[in-house]
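Look over the sequence and the fold, then read on.

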Amino acid sequence: MVSMDSLPPKSQEVDGIAWLPRLIAKAKAKLRGEMPPDLMYGCGGDRPFLEGVNIELAEFLRFVWAAKGDDAKVVDWVKHRRAALK
């Protein structure tokens, strides 16, 4: 089981994108069935972040699963989706 304290802080960034390291960790925990009861994938922070990069919750989860642990692949995909909005 993943603990709340083991997740990246909400302010942690990867390639200048805050929240993404935390969201990736939460998605991986969800996929492994290791979400603690006091944590939610798709919380009030996750949804606005994903809406801002034009990605659905389930779509993000599927992509993390398909990336097979390659966080850089997930980051590149999010950056591409975000850039497509500009």
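The buried residues of α1 are Leu20, Pro21, Arg22, Leu23, Ile24, Lys26, Ala27 and Ala29. Buried means under 20% relative accessible area, exposed means over 50%, and partly exposed lies in between (1.4 Å probe, protein chains only). Their cover includes β1 (13–14), β2 (17–18), α2 (46–52), α3 (57–67) and α4. Helices (H or I, at least four residues) and strands (E, at least two) are DSSP runs, numbered from the N terminus.

This is a predicted model: local features need pLDDT of at least 70, side-chain atom pairs count only at pLDDT 80 or more, and totals for chains, interfaces and linings use all residues. Residues are numbered from 1 along each chain as its sequence is written, and side-chain values use heavy atoms, with hydrogens and water left out.

Helix α1 has 13 residues and reaches 18 Å from its first C-alpha to its last, close to the 18 Å expected at 1.5 Å a residue. The expected span is 1.5 Å times one less than the number of residues. Just after α1, Gly33 takes a positive phi of about 75°.

Two packed helices are described by the angle between their axes and the distance between the axes. Axes are lines fitted to C-alpha atoms, for helices over the stretch in contact, and angles run from 0 to 180 degrees between N-to-C directions.

| Pair | Axes come within | Crossing angle |
|---|---|---|
| α1 (residues 20–32) and α4 (residues 71–84) | 11 Å | roughly 125° |
| α3 and α4 | 9 Å | roughly 140° |

α1 passes α4 in a right-handed crossing. α3 also passes α4 in a right-handed crossing. A crossing is right-handed if the near helix is turned clockwise from the far one by less than a right angle, and left-handed if anticlockwise.

Which residues of α1 and α4 meet? Leu20, Ile24 and Lys28 in α1 meet Asp71, Val74, Val75 and Val78 in α4. Contact means heavy atoms within 4.5 Å. The residues of this contact are 5 nonpolar, no polar and 2 charged. Ala, Val, Leu, Ile, Met, Phe, Trp, Tyr, Cys and Pro count as nonpolar, Asp, Glu, Lys and Arg as charged, and the others, Gly among them, as polar.

## Positive phi in two loops

Most residues other than glycine have a negative phi. Asn54 has a positive phi, near 60°. Asn54 sits in the loop between α2 and α3 and is partly exposed, at 44% relative accessible area. Lys68 has a positive phi near 50°. Lys68 lies in the loop between α3 and α4 and counts as exposed, at 74% relative accessibility.
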